[in-house]
Amino acid sequence: MTALLEARGLSKFFPARDGKGLVRAVNDVSLSLAPGETLGIVGESGCGKSTLARMLMRLIEPSEGKVLLEGEDLLSLAKGAMRQRRRDIQIVFQDPYASLDPRMSIAQIIAEPLDIHGIGTKAERAAKVKDLIDLVGLDPSAASRYPHEFSGGQRQRIGIARAIALEPKLVVLDEPVSALDVSIQSQILNLLDDLKSRLRLSYIFISHDLSVVQHVSDRVAVMYLGRIVEEGPAEAVLGAPRHPYTQALMSAIPEIDPTRRKSHQLLPGDPPNPENIPSGCPFHPRCPIAQDICRTEPPAFRTAGASRARCHFAGET
Amino acid sequence: MSDHALLRVEGLTVGFNTEQGPVRVTEDVSFELKAGHTLGLVGESGCGKSVTAQTIMRLLPSPPSRIDAGRILFEGKDLATASQREMQKIRGDRIGMVFQEPMTSLNPTLRIGEQIAEPLMLHRGMTRAKADEEVVKVLKQVGIGNAERRLLQYPHELSGGLRQRVMIAIAIICKPQLLIADEPTTALDVTIQAQIMELLKALQKELGLAVLLITHDLGMVAEMCETIAVMYAGRIVETGRTADVFARPHHPYTHGLLNSSPRRAKKGERLPSIPGLVPPPGARGTGCSFAARCPNVLERCRAEAPPLIPQGNDAAACWNPMP
Ligand SMILES: Nc1ncnc2c1ncn2[C@@H]1O[C@H](COP(=O)(O)OP(=O)(O)OP(=O)(O)O)[C@@H](O)[C@H]1O
Ligand SMILES: Nc1ncnc2c1ncn2[C@@H]1O[C@H](COP(=O)(O)OP(=O)(O)OP(=O)(O)O)[C@@H](O)[C@H]1O
Ligand code: SF4
Ligand code: SF4
Ligand SMILES: [Mg+2]
Ligand SMILES: [Mg+2]
């Protein structure tokens, strides 16, 4: 089966603030998403999750690499063709406060993608907006109201309605529930799950919350300093992580259930900055099991079953 | 027993004067914290956690804020009626504070060393040189290496995790009895969160600190706090020993909150969720403010707000608690 979306050797280098060096925000990332799948992307702040997401949608141009949507090279498309193709990939952003235009009514916000793509007659578009408002669980009266009248969770529903308006194949969710309270988070996660099966969507789900990612993902990719360090089926990567960084992430989650409580394996130091990536394995300054080789030799992926980890000693601990 | 409480908050009711008129944001909040113990105050955004913490410290300007009722007994003294001069003596000396966003509470124009030394100069009348000796010690205590170099840096030169360590250093340098930590790790990355949590645990033991930890992370409360108080829409709805409350929540809100965490759910299954939204202050109505979202609601709930009633080992404000 062809992958719905495939990234091959994607990199994004920004000029550093001092004008001299480079920020290696995303570095040689390859991944693939099957139709109907949810791929979770996790990692700490600044590891390149949003930059990767934006490249996958070609909202920013990669420095290197390819993005294939159903086998078609997105980067080779001219402007008009790309605009057509963008219907198939939509995005929902983290901040439900900043991502909606405060001067537009909810109906206008949701209708905008339909208007831009000239879909249907005016009456058909209005009917579609009504359906979408209903589908994401908002009250019909929402249509004529404005973003500031809504709570964070409701605004996220509006963002989701807008993202699915064009019936995309893939929705990129960039921290869709991070700004929400737990009780509202679960409402939105359930909504996303419903929509996925109803509309046969595929998701790329970006989050730094591992319990959320574990709940929603079929596959998971863990990023550190612009690279994927471990990737594979969610149960394998988060259930029995092989990369020391994934292991540390899992161990850092505070546990509610006292019978499952474990001691936290603490990583020293801060996540380093992508302007100054350590030699060898970029994780070596914080890695609890680093050896001499790690300081000089960048590790390649080692595979085990359906998952892979970029560590010289993956699976040996 | 209550006589040994270091901090006892009784019936604390706080409101604000707004353009739309006065609104109540906390209502009849009561809890106590013994010396050397930890209490977790949890609840969703806007429920009144920070207002409660800032009222204890008397940090809210009045007007617009008002303490409409209640007492805040700290070491036997009622802070609710203390003068700002008295509060200045207590803040940073007897009670230390750490907030969510260290960048907004640190002074961007002052070097780290000066900011950590300041409470000692203010409260202990130390010279800068004498204070600096203490500063080097406290930096080590909060896990900041390279102390001599760090002292000369400005807040923007530090990572988020280091800034939070600096805040903690400022909060503990006078060896307070009580530390109030308002979402101390919310803005930090997972691995840094774990570092700060372990640091707080270690300091709590080492210094015999009482800690009032405000968070929305139930896991953090489970690991750090002996007792918990759950807030909803301005009121404490359940309180007790953390282990008891988590093993057997009695308030339908606590029950729903624990269940809706994806940690507890099976993969692929729908998450149990609480329908609806938290009512904002001013729209909480009479009666129980959870009534509109509650699966156990009775007629009585809409008419009469429930007080905290003992339930098993804890106490819940509910007319029809979970069995
Ligand atoms: N336009 C830009 N110019 C320069 N650097 C950038 C630019 N956009 C992103 N970066 C840098 O690239 C790195 C990756 O950023 P990105 O936003 O992708 O991270 P992220 O994983 O999404 O983080 P977060 O969890 O905080 O959202 C960061 O160091 C960031 O500062
Ligand atoms: N100066 C003010 N004037 C009017 N209302 C206020 C003021 N400050 C806070 N409030 C209101 O008081 C309520 C409680 O706010 P508070 O900051 O204590 O919430 P919180 O529980 O700390 O939430 P969060 O988890 O988001 O930090 C909120 O509804 C808020 O809007
Ligand atoms: S390659 Fe070495 S430094 Fe990198 S994660 Fe593996 S053991 Fe640690
Ligand atoms: S008092 Fe009534 S509405 Fe309120 S939580 Fe209890 S059962 Fe539910
Ligand atoms: Mg991001
Ligand atoms: Mg707060």
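Colleague: Why are helix 7 of chain B and helix 8 of chain B called roughly parallel to each other?

Modeller: First the basis: this is a predicted model, in which local features need pLDDT of at least 70 and side-chain atom pairs count only at pLDDT 80 or more, while totals for chains, interfaces and linings use all residues. Residues are numbered from 1 along each chain as its sequence is written, chains are lettered from A and ligands numbered from 1 in the order in which they are written, and side-chain values use heavy atoms, with hydrogens and water left out.
As to the two helices (DSSP runs of H or I, at least four residues, numbered from the N terminus), residues 160-172 and residues 190-207 of chain B pack at an angle of about 15 degrees, their axes being 10 Å apart. Axes are lines fitted to C-alpha atoms, for helices over the stretch in contact, and angles run from 0 to 180 degrees between N-to-C directions. Angles under 35 degrees count as roughly parallel, over 145 as roughly antiparallel, 65 to 115 as roughly perpendicular and the rest as oblique; helix 7 of chain B and helix 8 of chain B are therefore roughly parallel.

Colleague: What makes up the contact of helix 7 of chain B with helix 8 of chain B, by residue class?

Modeller: With contact meaning heavy atoms within 4.5 Å, helix 7 of chain B contributes residues including B:Ile168 and B:Ile172, and helix 8 of chain B residues including B:Leu199 and B:Leu203. The contact divides into eight nonpolar, three polar and one charged, where Ala, Val, Leu, Ile, Met, Phe, Trp, Tyr, Cys and Pro count as nonpolar, Asp, Glu, Lys and Arg as charged, and the others, Gly among them, as polar.

Colleague: Why are helix 9 of chain A and helix 8 of chain B called oblique to each other?

Modeller: Their axes come within 9 Å and cross at roughly 50 degrees, and the two helices are therefore oblique to each other. Among the residues making this contact are A:Tyr245 and A:Leu249 of helix 9 of chain A and B:Val190 of helix 8 of chain B.

Colleague: What makes A:Lys49 a polar contact of ligand 1?

Modeller: A polar contact is a pair of N or O atoms within 3.5 Å; within protein, one must be able to donate a hydrogen and the other to accept it, and residues adjacent in sequence count only if both atoms are side-chain atoms. A polar side-chain atom of A:Lys49 lies 2.8 Å from an oxygen atom of ligand 1, and a polar side-chain atom of A:Ser50 also lies 2.8 Å from an oxygen atom of ligand 1.
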